[in-house]
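Subject: Structure handover

Hello,

Here is the structure I promised to pass on. Please open it and keep it in view while you read my notes below.

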Amino acid sequence: MSILRMGYVGCGRMAQRVHIPNIIALDACELVAVAEVCGRLGERVCQRLGIPRLYPSHRELVQDPDIQAVAVSGHFYVQGQIAIDALKAGKDVFMEKPMAVSVEQAERIVAAERASGRRLMVAYMKRYDPGNLAVKRAVEQFTQSGELGEIRYVRNHGFCGDWEAGLDVPEDRTEEKPPPVYSVYPPWLIEEQIRRYLGYLQQYTHNVNLVRWFLDGRSPVRVRAVDLDADNGMRGVVILDVGGVRAVIESGSVAYHGWDEHTQIYFEKGWVRTEAPPLLLRNAPATVEVYNGSRSRKVCSQIFPEGGREWSYKAEMRHFVESVLSGQPFRSPAADALEDARVFEAVYSKHLGIPAVDEPAGESYRAVPAQPETRAGAAGPLTVAPGRRTAGRRRVS
Ligand SMILES: NC(=O)c1ccc[n+]([C@@H]2O[C@H](COP(=O)([O-])OP(=O)(O)OC[C@H]3O[C@@H](n4cnc5c(N)ncnc54)[C@H](O)[C@@H]3O)[C@@H](O)[C@H]2O)c1
């Protein structure tokens with residue numbers, strides 16, 4: 001059996017609690033090295049988990065000829081560039097979501113992938129949840145058979161809650177601070193909105209991606225309406241048109257010990273509905289409910305999916321390893337994640353009333369007349385005119 005030799009970049013929370021243990025547990029791969037800019041943290045993790053090599057940053061790790069594939073969970077400010085560097089060094093890449101923080105960066109990642117001849121997979125673990133796979137199969141079957149009529153509406157509701165669900169995997173921490181980095185962001189985005197945009201993007205990229213997948217990648221995806229609260233830029237409702245189907249993304253937060261997220265795909269004569277588990281709750285698949293009102297005997301069934309006792313994060317890493325070894329396509333490839341980046345810029349452009357640069361033509365994307373925004377910064381008040389390109393890069397400590 002071939003074994004994939006992997007390197008891992010970043011020893012933070014997701015690495016220690018989720019991905020590195022999953023890589024170690026899989027037979028078809030071997031973790032030969034990690035890179036961590038916080039040296040003492042890297043040493044502790046290598047020692048505890050018996051990882052043979054530690055590099056001071058991803059730049060050295062991607063040059064290791066012994067490594068075939070690189071996984072990365074850096075902060076979303078930095079991981080896009082790390083992915084590009086790994087592709088350029090000839091490695092296949094597994095990276096945490098969001099793939100990119102701007103369309104421009106997403107396009108650079110996809111271009112780097114094409115030029116390198118290697119491949120990049122985005123860790124959208126919901127696509128690997130056995131429950132979500134069963135939902136997708138049911139939607140496909142009903143679409144093909146026509147038994148429930150057409151898909152008329154999709155609702156995704158995501159108010160979050162306790163995502164860690166008591167996961168008791170050990171995690172080393174140190175007082176070290178990673179060196180400051182430059183954040184990339186959409187060039188039209190005014191500085192005071194960057195954190196809100198990133199907060200919304202990093203959470204709801206999962207939800208938009210899942211809905212697009214359930215709808216079999218229908219396109220184009222257009223933004224019909226956006227109503228997000230101005231004070232946090234996250235709570236509210238976004239209405240998308242996903243290839244002709246209205247899809248509503250409800251976002252917000254609630255103090256909840258569980259995880260408040262469901263997706264319901266409405267056909268004319270029934271629905272397929274799923275409730276998501278808390279993200280880090282192991283081996284608990286998303287629930288699957290199918291309501292069939294097409295016959296005189298109405299049936300509502302709950303399905304426990306095949307292979308249901310597998311953690312979505314472990315299934316996604318297995319998929320990455322097996323796909324790299326076999327050459328099979330990824331279920332969550334880079335080119336598909338580029339579409340998510342487009343949706344998020346379009347949503348925030350509409351939310352702020354600032355036309356995005358290179359915004360696609362078409363009624364659904366037309367922004368309301370923009371209000372110039374003013375901010376008082378260290379260099380005095382700054383007015384950013386609608387659509388004006390700002391630097392597109394900012395130092396983050
Ligand atoms: N899929 C999910 O459910 C999920 C959940 C939480 C977070 N995430 C994603 O995971 C990513 C990482 O999140 P986290 O909470 O683990 O972050 P983190 O900040 O805890 O860890 C990142 C680590 O990377 C290190 N690092 C940064 N640049 C480096 C470089 N050039 N070389 C080597 N090491 C470097 C940092 O020092 C840090 O230790 C984020 O993009 C986030 O969106 C995904």
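First, a definition: a crossing of two helices is left-handed if the near helix is turned anticlockwise from the far one by less than a right angle, and right-handed if clockwise. Helices (H or I, at least four residues) and strands (E, at least two) are DSSP runs, numbered from the N terminus.

Two notes on the model. It is predicted, so local features need pLDDT of at least 70, side-chain atom pairs count only at pLDDT 80 or more, and totals for chains, interfaces and linings use all residues. Residues are numbered from 1 along each chain as its sequence is written.

Helix packing

Two packed helices are described by the angle between their axes and the distance between the axes. Axes are lines fitted to C-alpha atoms, for helices over the stretch in contact, and angles run from 0 to 180 degrees between N-to-C directions.

Take helix 7 (residues 194-214) and helix 9 (residues 334-352). Their axes lie 10 Å apart, at an angle of about 125°. That makes helix 7 oblique to helix 9 (under 35 degrees is roughly parallel, over 145 roughly antiparallel, 65 to 115 roughly perpendicular, the rest oblique). The crossing of helix 7 past helix 9 is right-handed. On the helix 7 side, the contact includes Tyr 197, Leu 201 and Arg 212; on the helix 9 side, it includes Glu 339, Phe 344 and Tyr 348. Contact means C-beta atoms, placed from the backbone, within 7 Å.

Helix 7 also packs with helix 6 (residues 130-145): the axes come within 9 Å and cross at roughly 35°. Here Asn 132, Val 135, Lys 136 and Val 139 in helix 6 meet Leu 210, Trp 213 and Phe 214 in helix 7.

The ligand

Which residues are closest to the ligand? They are Gly 10, Gly 12, Met 14, Glu 96 and Pro 178, out of 28 that surround it (C-beta atom, placed from the backbone, within 6 Å). Helix 1 gives the most to this shell, with 3 residues.

Most residues other than glycine have a negative phi, and most peptide bonds are trans. The bond from Lys 97 to Pro 98 is cis, with omega near -10°. Pro 98 sits in the loop between strand 5 (92-95) and helix 5 (103-116). Ser 219 and Pro 220 are also joined by a cis bond, with omega about -5°. Pro 220 is in the loop between helix 7 and strand 9 (221-228). Cys 160 has a positive phi, near 65°. It lies in strand 7 (residues 151-161).

Best wishes

Note on methods. Two residues are in contact if their C-beta atoms, placed from the backbone, lie within 7 Å.
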